[in-house]
Amino acid sequence: MSPADWLVLLGLAGTAVFAINGALTAIQAARLDIVGVITLGTITAIGGGVLRDILLGVHPPEGLADWRFLVVALAASALVFVVHKPLARLVRWVTVFDAAGLGLFSITGTLAALHAGASPLLAIILGATTAVGGGTFRDLLTSRVPLILTSDLYAIPALLGAFGTWAIWALNWQQPLAYLLAGAACFGLRMVGVKFKLHAPRVQT
Amino acid sequence: MSPADWLVLLGLAGTAVFAINGALTAIQAARLDIVGVITLGTITAIGGGVLRDILLGVHPPEGLADWRFLVVALAASALVFVVHKPLARLVRWVTVFDAAGLGLFSITGTLAALHAGASPLLAIILGATTAVGGGTFRDLLTSRVPLILTSDLYAIPALLGAFGTWAIWALNWQQPLAYLLAGAACFGLRMVGVKFKLHAPRVQT
Amino acid sequence: MSPADWLVLLGLAGTAVFAINGALTAIQAARLDIVGVITLGTITAIGGGVLRDILLGVHPPEGLADWRFLVVALAASALVFVVHKPLARLVRWVTVFDAAGLGLFSITGTLAALHAGASPLLAIILGATTAVGGGTFRDLLTSRVPLILTSDLYAIPALLGAFGTWAIWALNWQQPLAYLLAGAACFGLRMVGVKFKLHAPRVQT
């Protein structure tokens, strides 16, 4: 596969795990009907990339223009609705799917911004925005204060993944899979933060 | 009138009914002052079209660039503020105005996307987005979980109207009023859903 | 300094006061950690300008593309986190910083829209949008109904500042500092409204 193919594949994987996360959140938090579950799953999955493309001036955004992303998002969300009962344990994994999406989208978001000609600083910010954007829309739509503001170690892993992706790109490492290192660092830091309840310094009051 | 004139007329009608709905919601839900009522009415009215145009890369968005849409949105919202007392019964009609806007904007949103060169799939999605977008902003701004996620049969009528509009367009039916059939189907399905409390399948728990 | 330099300086000042306001809001309302404080401060600071640029089709938005805005927003937010304890009284000033940002951004937002070729009506609307946008994102992200809807005299000062800026621009007044008159009128009206609890007419029920 060409590097571009790998990038699409990583993007589709991120789309699937975020759609599963969004659909599980819908079921867990709000007992929505099938349309609500699919809508929330799809917005969680493609929202971050759509926001990035709006900011970059890429239109229509890849997540809407490329049918593969839409189909994966819709199908993964619908699948969750259908099989959620036998897979009730999946709901406990909602954080893991979110962290996986965070890692994958920090890679693809950063590379998409770099390919569109963004500066390193902007690419890292937009890469992290891609990673945290979908989950932020998910939280806004379900009337919750977004994880990006409240959760310990959520933005920092996304920025780490975006920074690592840029570093690998800048080093001109000719191995697409190398980017997975950056995504894995993002995923790992996020999960360590969840597991050990690590948090950034808080306001002392 | 030319087909383009009809399209503008349908868009202005949708703008007016959504502005009335948003302004009534503001009065009903939050007892806002005149600026709040006009702001919420206007955002409800032009928000869906603005979101569609941002996603399509049309700028400035039609709802901001064409003064007729702004004037209709502002005037309809202001009118609601002025006459709401003698017309207190109007508040009961808030759902009807919302359904009418849903039907009208599913037509104009889909056609705007098709005219901008969108694929059928994207045009139907953006047509439905135009229809549900304004109400979603309205709900977010008033701290409510959006109807698109919670309400039985809200997204499905919008998608039906957008699909019908695309079908009539694809059949090259040379009669602008034919599109009203698609809008009426959307409006009808939405109102039937409200009346009979129909809902899409829910999660069994 | 050239007029363009003055404009950047006013924009940076608005960015700083809105970042301080957003960071103080984060501390006051939600006891967020350092990442949450910096994120909310930065979004409050650059959100309005980013929204304006998206609507105008300017990409990437100035607030993301020009590193000076990002650095000022990040630094001012971080500073608040570090020094908030000795400066606890600052929290009482949260409204003053918000009003100052409102005044400064009503100037720079209107001029940015005029420079991008917007009509006077659109420029005034987008100028006011720039001024109120960041605070609206701040309120949405912290699950509050935005000030733009609920607060007495919030949108009206922003529109006044934008209108005054346009008027000075249309009169071709060759003195950049003249724009500060428009911003001061916005700031003054907002503070008078806060002080005397003035409000626009409300719905009689």
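Let me start in chain A, where Val71(A) lies in helix H4, which spans residues 67-83, helices being DSSP runs of H or I of at least four residues, numbered from the N terminus. This is a predicted model, in which local features need pLDDT of at least 70 and side-chain atom pairs count only at pLDDT 80 or more, while totals for chains, interfaces and linings use all residues. Residues are numbered from 1 along each chain as its sequence is written, chains are lettered from A in the order in which they are written, and side-chain values use heavy atoms, with hydrogens and water left out.

Val71(A) is partly exposed, with a relative accessible area of 42%; here buried means under 20%, exposed over 50%, and partly exposed in between, with a 1.4 Å probe and protein chains only.

Ser77(A) also lies in helix H4 of chain A, but at 0% relative accessibility Ser77(A) counts as buried. Leaving out residues up to four places away in sequence, Ser77(A) touches Ala19(A), Ala23(A), Val37(A), Ile38(A), Gly41(A) and Thr42(A), where contact means heavy atoms within 4.5 Å.

Turning to symmetry, chain C is superposed on chain A by a rotation of 120 degrees with 0.0 Å of shift along the axis, at an RMSD of 0.0 Å, using least squares on the C-alpha atoms of residues with pLDDT of at least 70 in both copies. The two copies are thus related as by a three-fold rotation axis, and Ser143(C) is the residue of chain C that comes closest to that axis, at 3.8 Å for its C-alpha.

Terms used. Helix = DSSP H or I, 4+ residues; strand = E, 2+ residues; numbered from the N terminus.
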